[in-house]
Structures are given as structure tokens and as C-alpha cells.
Amino acid sequence: MSRHPEVKWAQRVDKVYITVLLPDAKNAKVNLEPVGVFTFSASAGAEDHLYELKLDLYDKVDVEESKINIGLRTVFCVLEKAEKKWWKKLLRGDDKAPHYVKVDWDKWADEDDDTGPADVDMGGMEGLGGMGGMGGMDFSKFANMGGMGDMGDDAIGDDFDDSDDEDQEMAKPGEQNTVKAGREAKSEEHVSSEVEGAPEGKADGAPGT
């Protein structure tokens, strides 16, 4: 049975901030539909429990202009509203918001104070509609990526390949000893040949008379 991650939200007249709190999330999948349906799934914890989330947002959103940032502890989304107006609440319908959906007071702003006490820095975030840092992928394709963990495997494999090539070029310790012994044997043979070819009486290195 899946669990629900904790969610915090805040808004401005033109956007909605959604933060999914789930440390060390694996295989994170996020999807956003123009009608205002936000879904999230990932596994986390020592036993890789499945966490799932579906939010029927109060109104429509602009998927192309929305952005996302996946961190080690949170998934932070900036959803662009299709129509610039203040929402009465995050979710549509008359039901009370689930217990795991809470107001993000750090980002909250009242309708008469659009900038808020500490407006959000959106630098470095990827676009959901055209994620330039990920090959121009749109938000729906991002949902099928199966997380971000597989992106580094090829690079790691290349590093190991390079190290293997270096190992092949270097002699192993046993081979180094063999080479050294061979060199010493050749040196002894060379000295011996010089002694054998020396004039008589000087073979032992004695001074001449």
C-alpha cells in the first residue's frame, strides 16, 4: 500500500508553489496536466516504500511555463497559472484539504502583498514544458523517465573504462619483477663478456707489472 508524502503550497497571483517533502526519493515521477492535475510518485526509505500523490488543483495551469527542481530532500515545482488570479485554495471541490497538504508559510503572500515576505528565487530551475537541460523534454516525458538516477551510469562507466585502459598499459607487480630480473641477467652477461675479452693478467683487475 502506497503512502502520501508531505506537501506544502503557497501562491502568487500568477503561479503556485508546490513542495513535495521526501528525502532521498528514488525513481521520482512527476506529471502535470493543463486541466490542473498534478501527480507524483517515488520510492524512499530503507525499505523503498512507495509514495504517491494526486492533486486536483483549483484551476488550470500552463504546463509549458511551469518549472521544477529535484533536490535531495524535496521536489519543488513552480506551476504557472493559466489565468492570473488568486485561488481561494489549492484543491478544487468542497472537501477539506488532506492532512498531508499544508500551507508553506515561508513562501506565503497575502493577496494585497503579492511579493510576500521572501519571494522565491527561481534561478537554476528546469522548465517543465521544455526542459532545456534535459534535451528539450516536456513535462509528460519527464514523468516517464523513472527518476534521475540512471543519468549518471554512462559517465561512471566511461571512467571505469579509462582506468581499465591505464591498467592494461602498466605492468603488473609480478611482471615488473620479471623484467627487472631479466635486465640484471643481461647486465651480468655483459660484464662477464668484457672480463673474458680482457688481456691476460688483467682479468682479475690486478695492476700490470
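A residue is called buried here when its relative accessible area is under 20%, exposed when that value is over 50%, and partly exposed in between, with a 1.4 Å probe and protein chains only. By that rule Trp87 is buried, with a relative accessible area of 4%. The structure is a predicted model, in which local features need a pLDDT of at least 70 and side-chain atom pairs count only at pLDDT 80 or more, while totals for chains, interfaces and linings use all residues. Residues are numbered from 1 along each chain as its sequence is written, and side-chain values use heavy atoms, with hydrogens and water left out.

The protein has three helices and nine strands, where helices (H or I, at least four residues) and strands (E, at least two) are DSSP runs numbered from the N terminus. Read along the sequence, these elements follow the pattern β-β-β-β-β-β-β-β-β-α-α-α. Of the 209 residues, 31% count as buried. With contact taken as heavy atoms within 4.5 Å, residues 24 or more positions apart account for 61% of the contacts that have a separation of 6 or more.

The strands can be followed into an open sheet of three, with the order E3-E4-E5 and antiparallel pairing; two strands pair if DSSP finds at least two bridges between them. E3 and E5 are the edge strands, each pairing on one side only. Neighbouring strands of this sheet are turned against each other by 5 degrees on average, direction ignored, the axes being lines fitted to C-alpha atoms (for helices over the stretch in contact) and angles running from 0 to 180 degrees between N-to-C directions. Why is E4 described as largely enclosed by the rest of the structure? Seven of its eight residues are buried, so E4 is largely enclosed in that sense.

On one side of E4, six bridges join it to E3 in antiparallel fashion; Lys26 has Ser43 of E4 as its bridge partner, and Glu33 stands opposite Val37 in E4. The hairpin of E3 and E4 has three residues between the strands, and Gly36 takes a positive phi near 105 degrees there. Eight bridges join E4 to E5, again antiparallel, and here Val37 stands opposite Asp56 in E5. The hairpin that E4 and E5 form has four residues between them, with Gly45 in the turn at a positive phi of about 90 degrees. Asp48, found in the loop between E4 and E5, has a positive phi of about 55 degrees although it is not a glycine, and it counts as partly exposed at 40% relative accessibility.

Asp24 is one of the residues in contact with Leu72, along with Leu22, Pro23 and Ala25, when neighbours of Leu72 within four places in sequence are left aside. Leu72 itself lies in the loop between E6 and E7 and counts as exposed at 71% relative accessibility. The C-alpha atoms of Leu72 and Leu22, 50 residues apart along the chain, are separated by 8.3 Å.

In soluble globular proteins, nonpolar side chains tend to be buried together. A nonpolar core is defined as a set of buried Ala, Val, Leu, Ile, Met, Phe, Trp, Tyr and Cys residues joined through side-chain atoms within 4.5 Å. The largest such core in this model has 33 residues, of which Ile18, Phe38, Phe40, Leu55, Leu57, Leu79 and Leu90 touch the most other members. Strands E1 (6-11), E2 (15-21), E3 (26-33), E4 (37-44), E5 (49-56), E6 (61-70) and E7 (74-81) each give two or more residues to this core, and the largest share, five residues, comes from E7. Not counting residues up to four places away in sequence, Leu90 touches Trp9, Val16, Ile18, Leu55, Asp56, Leu57, Tyr58 and Val101.

Rings of Phe, Tyr and Trp (its six-membered ring) pair if their centres lie within 6.5 Å, with planes under 30 degrees apart counted as stacked, over 60 as edge-to-face and the rest as tilted. A search of the whole structure finds four such pairs. Tyr58 and Trp87 form a tilted one, 6.1 Å centre to centre and with 45 degrees between the planes. Tyr58 lies in the loop between E5 and E6 and Trp87 in the loop between E7 and strand E8 (101-103), so the pair ties together parts that are 29 residues apart in sequence. Tyr58 counts as partly exposed, at 26% relative accessibility, whereas Trp87 is buried.
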